[in-house]
Amino acid sequence: MKKTEISTDRAPQAIGPYSQAVIIGTTLFASGQIPIDPTSGVIESTDVTAQTEQVLKNIAAILESVKLDFSDVVKTTVYLTDLADFAAVNDVYAKCFPKPYPARSCVQVAALPKGAKVEIEIVAALKK
């Protein structure tokens, strides 16, 4: 199967040897997004709510670049540096994803790139 790279300037550019997202068959796999503002290239806030909002804006930009939206997401993985932030992240997350919600995993990690407090990766189904 052919692997197609997806890239948009409305989301942060990859900071390593990876793609923002790739499409294989009818599935989009997006790399984990941290709260980098694509215009400034930096994390603008230390607040986990604001960081989660930026992460979800970045994900929306990737989805929109291939004419998808949050309703097309089937799986997410949420990485937090502090599980005490779970409720705050969940509040922002719930505003973006419609029912039926995607399957999800959430784990606490020791650290994230650039000192981020949250990172989210997604898998989405392409529209037929």
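This is a predicted model: local features need pLDDT of at least 70, side-chain atom pairs count only at pLDDT 80 or more; totals for chains, interfaces and linings use all residues.

Mentor: Residues are numbered from 1 along each chain as its sequence is written, and side-chain values use heavy atoms, with hydrogens and water left out.

Trainee: At what angle do helix α1 and helix α2 pack?

Mentor: Helices here are DSSP runs (H or I, at least four residues), strands too (E, at least two), numbered from the N terminus. Axes are lines fitted to C-alpha atoms, for helices over the stretch in contact, and angles run from 0 to 180 degrees between N-to-C directions. α1 spans residues 48–65 and α2 residues 86–96, with axes 9 Å apart. The packing angle is about 30°.

Trainee: Are α1 and α2 roughly parallel or roughly antiparallel?

Mentor: Angles under 35 degrees count as roughly parallel, over 145 as roughly antiparallel, 65 to 115 as roughly perpendicular and the rest as oblique. The angle is about 30°. α1 and α2 are therefore roughly parallel.

Trainee: Which residues of α1 and α2 make the contact?

Mentor: Contact means heavy atoms within 4.5 Å. From α2 come Ala88, Val89, Val92, Tyr93 and Cys96. From α1 come Val48, Thr49, Thr52, Glu53 and Leu56.

Trainee: Is Thr52 buried or exposed?

Mentor: Thr52 sits in helix α1 and touches Val89, Val92 and Val118, not counting residues up to four places away in sequence. Buried means under 20% relative accessible area, exposed over 50%, partly exposed in between (1.4 Å probe, protein chains only). Thr52 has 0% relative accessibility, so Thr52 counts as buried.

Trainee: Which residue's backbone oxygen lies 2.8 Å from a polar atom of the side chain of Thr52?

Mentor: Look within the helix pair's contact, where Thr52 is one of the α1 residues. The backbone oxygen in question belongs to Val48.

Trainee: Where is the cis peptide bond with omega of about -5°?

Mentor: Most peptide bonds are trans. Look in the loop between α2 and β5 (103–108), where Pro100 is found. The cis bond joins Lys99 and Pro100.

Trainee: What is the phi of Lys67?

Mentor: Lys67 lies in the loop between α1 and β4 (73–80). Lys67 is exposed, because its relative accessible area is 70%. Its phi is positive, in a residue other than glycine, and near 60°.

Notes. A polar contact is a pair of N or O atoms within 3.5 Å; within protein, one must be able to donate a hydrogen and the other to accept it, and residues adjacent in sequence count only if both atoms are side-chain atoms.
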